[in-house]
Amino acid sequence: MSNALYSFSEETLQKLRKFRFGSARSDDVQALIYQIDKTTYEIKLDESAESPITSIEELVEELPDNSPRYVVLSYPITLKDGRKSSPLVLVYWLPPTSTQSLRMLYAAALELIREKAGVSKLIEIDDEEDFEDIEEKVL
């Protein structure tokens, strides 16, 4: 599958840009969950998730148990020198119970969403417990 197969609506891209710049000023975790529409191959916000999500616990609750998702995550941290930073990362949620066809569908669009989101880092997570040490992965 080529990236030409996948698309973003202009509305989705505008929300993503707004989130990218707005979340940098927040003192709280901010996250948006994206899914791929299996019929149109459009990458869009997951309608079942509240947007934006403002805690890691809430994020874990919103992620499906058997389907991959992309999470654009702004995670505020205080650096060793005291400065505040809010790195923007892409979390690739890949639960072990997802089907092979869904895994392939999401894997093929990974670089495209990474590019469109303008993230600094990609973190692949396949177990909810991995979110417990997300700060270490963000750094």
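The largest pocket in this chain holds about 190 Å³ of space, a value computed, like the others below, on a predicted model. A UniProt record, in an unreviewed entry, places the feature "domain: ADF-H" at residues 4–139. Over that stretch, residues 4–139, the chain is 32% helix and 23% strand, and the C-alpha atoms at its ends are 32 Å apart.

**The largest pocket**

- The lining of the largest pocket is made up of K15, K18, F19, G22, S23, Q30, L32, L45, S51 and P52.
- Helix α1 and strand β1 each supply at least two residues of this lining, and α1 has the largest share of it, with 5 residues.

**Nonpolar cores**

- The largest nonpolar core has 25 residues, of which Y34, I36, I43, Y70 and V72 touch the most other members.
- At least two residues of this core come from each of α1 (10–23), β1 (30–36), β2 (43–45), β3, β6 (88–93) and α3 (100–117), while α3 gives the most, with 8 residues.
- Apart from this core lies another one, of 21 residues, among them V71, V89, I123 and V138.
- As general background, nonpolar side chains in soluble globular proteins tend to be buried together.
- Y34, leaving aside residues up to four places away in sequence, touches T12, L16, I43, K44, L45, D46, R69, Y70, V72, Y106 and I113.

**R69, a charged residue in a strand**

- R69 lies in strand β3, which covers residues 69–74, and counts as buried because its relative accessible area is 11%, where the cut-off is under 20%.
- The side chain of R69 is joined to that of D46 by a polar contact of 2.8 Å.
- Not counting residues up to four places away in sequence, R69 touches I33, Y34, Q35, D46, L63, P64, V91, Y92, W93 and Y106.

**The loop between β1 and β2**

- Y41 is found in the loop between β1 and β2, and at 25% relative accessibility this residue counts as partly exposed, since the value falls between the cut-offs of 20% and 50%.
- The phi of Y41 is near 60°, a positive value in a residue other than glycine, whereas most residues other than glycine have a negative phi.
- E42 also has its place in the loop between β1 and β2, and with a relative accessibility of 21% E42 is classed as partly exposed.
- Although E42 and A4 are 38 residues apart along the chain, their C-alpha atoms are separated by 11 Å.
- The contacts of E42, not counting residues up to four places away in sequence, are with S7, S9, T12, Q35, I36 and D37.

**E135 in helix α4**

- E135 lies in helix α4, which spans residues 134–138, and its relative accessibility of 38% makes E135 partly exposed.
- What does E135 contact, leaving aside its neighbours within four places in sequence? The contacts are with Y75 and I77.
- E135 and Y75 are 60 residues apart in sequence, while the distance between them in space is 7.7 Å, C-alpha to C-alpha.

Conventions:
Residues are numbered from 1 along each chain as its sequence is written. This is a predicted model: local features need pLDDT of at least 70, side-chain atom pairs count only at pLDDT 80 or more; totals for chains, interfaces and linings use all residues. Side-chain values use heavy atoms; hydrogens and water are left out. Helices (H or I, at least four residues) and strands (E, at least two) are DSSP runs, numbered from the N terminus. Buried means under 20% relative accessible area, exposed over 50%, partly exposed in between (1.4 Å probe, protein chains only). A polar contact is a pair of N or O atoms within 3.5 Å; within protein, one must be able to donate a hydrogen and the other to accept it, and residues adjacent in sequence count only if both atoms are side-chain atoms. Contact means heavy atoms within 4.5 Å. A nonpolar core is a set of buried Ala, Val, Leu, Ile, Met, Phe, Trp, Tyr and Cys residues joined through side-chain atoms within 4.5 Å. UniProt positions are given in the numbering used here, feature names are shortened, and annotations may be inferred rather than shown by experiment. On a 1 Å grid over the protein atoms alone, a cavity is a set of points where a 1.4 Å probe fits but cannot get out, and a pocket is an open set with protein on both sides within 12 Å along at least five of seven lines; lining residues have an atom within 4 Å of a point. Grid points are joined across faces, edges and corners, and a volume is the space filled by probe spheres set on the points.
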